[in-house]
Amino acid sequence: MSGSRVLGTGSALPRRIVTNAELAEQVDTSDEWITARTGIRQRHIASDDETTATLATAAARAALEDAGIAADSIGLIVLATATPDNTFPATATKVQAALGCTGGIAFDVAAVCSGFLYALATADSLLRTGMAKRALVIGAETFSRILDWEDRTTCVLFGDGAGAVVLEAGTGDETQGILGTKLHADGNQHDLLYVDGGPSTTQTVGHVRMRGQEVFRHAVVNLSDVLKEVLEDTGTSADQLDWVVPHQANARILDATARKLGIAPEKVIVTVDRHANTSAASVPLALDVARKDGRIKPGDLVMLEAMGGGFTWGASLIRM
Ligand code: ACO
């Protein structure tokens, strides 16, 4: 069966915006340092009444509205997150209940910043096998809850948010929808980016720990390699791409990866300045922003890509 088609997208951000200048009042940093090293100017931070599930539900509702379909036609929800509301059950089941579409399949995927790519590939595979006809694929995070707000090397980099995509099983037209996907993981790189807690180790939630420069180096190599793999697999050249929607970790990673592949900077969707790194939410959030502002149009050839803790990384080529 052909790849799943994107019927609609949606996103949600916490109400509260925190600027670099506000952060500089809490930790030893500055707007100049954060902007120059990362491109980040502000991030949205969840208030007490906003959780991964509430943001995910709002993004899912927006995606359903955009697709023009009712929640009860959704048979599968795959939610990527590293910051679930509870250790269990899956946050996807909370979203399912909130949307009123119980009875189908709902589960979470943990692949941190590349979680949305993993979730998209999982949903696409299940739709191709006929397990469901329509799916919601969601990336949602409240990373602010696992940041060490005294560690300036990590707390300035992340934000909260959610993005969602409605997928429908392909119709047999091989030139539409998800054309190709590649996923990778390398568990040997655990110590470069991880959370120092968890139910089975410390019985605490823990905090994000990262060796930034090493992550940066791996990110540029892994992302450009996986992009090339998907281009080769699908017989596509980089200049045929209309848009690249990258994981929004750092403007310098986005620039360096695009440069390595000869992709024009104006084809790269950038939201890191406004959203910071929202982990699994960043790709669907950026996709929704660029669809809603009219840049990404039906028929466009769009490459999604991400890398995160694990390491895990992947890319997916979609004809919108
Ligand atoms: N404000 C001011 N100074 C800071 C801050 C801060 N927030 N953080 C670190 N510094 C200081 C350091 O202490 C260091 O000072 P020193 O020279 O006196 O020791 C100096 O700035 C330089 O630090 P570096 O770590 O060398 O800075 P670098 O240019 O590598 O930038 C950064 C750090 C932004 C984290 C970069 O390495 C990066 O973006 N790495 C990728 C990490 C990332 O994006 N991770 C997200 C998850 S993974 C992913 O999504 C792909």
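Helices here are DSSP runs of H or I with at least four residues, strands are runs of E with at least two, and both are numbered from the N terminus. Axes are lines fitted to C-alpha atoms, for helices over the stretch in contact, with angles from 0 to 180 degrees between N-to-C directions. This is a predicted model, where local features need pLDDT of at least 70, side-chain atom pairs count only at pLDDT 80 or more, and totals for chains, interfaces and linings use all residues. Residues are numbered from 1 along each chain as its sequence is written, and side-chain values use heavy atoms, with hydrogens and water left out.

- Five strands make an open sheet in the order 1-7-6-4-5, with mixed pairing (two strands pair if DSSP finds at least two bridges between them).
- Strand 1 (5-12) and strand 5 (105-109) sit at the edges with a single partner strand each, so one side of each has no neighbour in the sheet.
- Strand 4 (residues 76-80) and strand 6 (residues 134-142) run parallel, joined by five bridges.

- The axes of helix 7 (residues 212-234) and helix 8 (residues 251-261) come within 9 Å and cross at roughly 40°.
- Among the residues making this contact are F216 and L223 of helix 7, and I253 and L261 of helix 8.

Definitions and conventions: Contact = heavy atoms within 4.5 Å.
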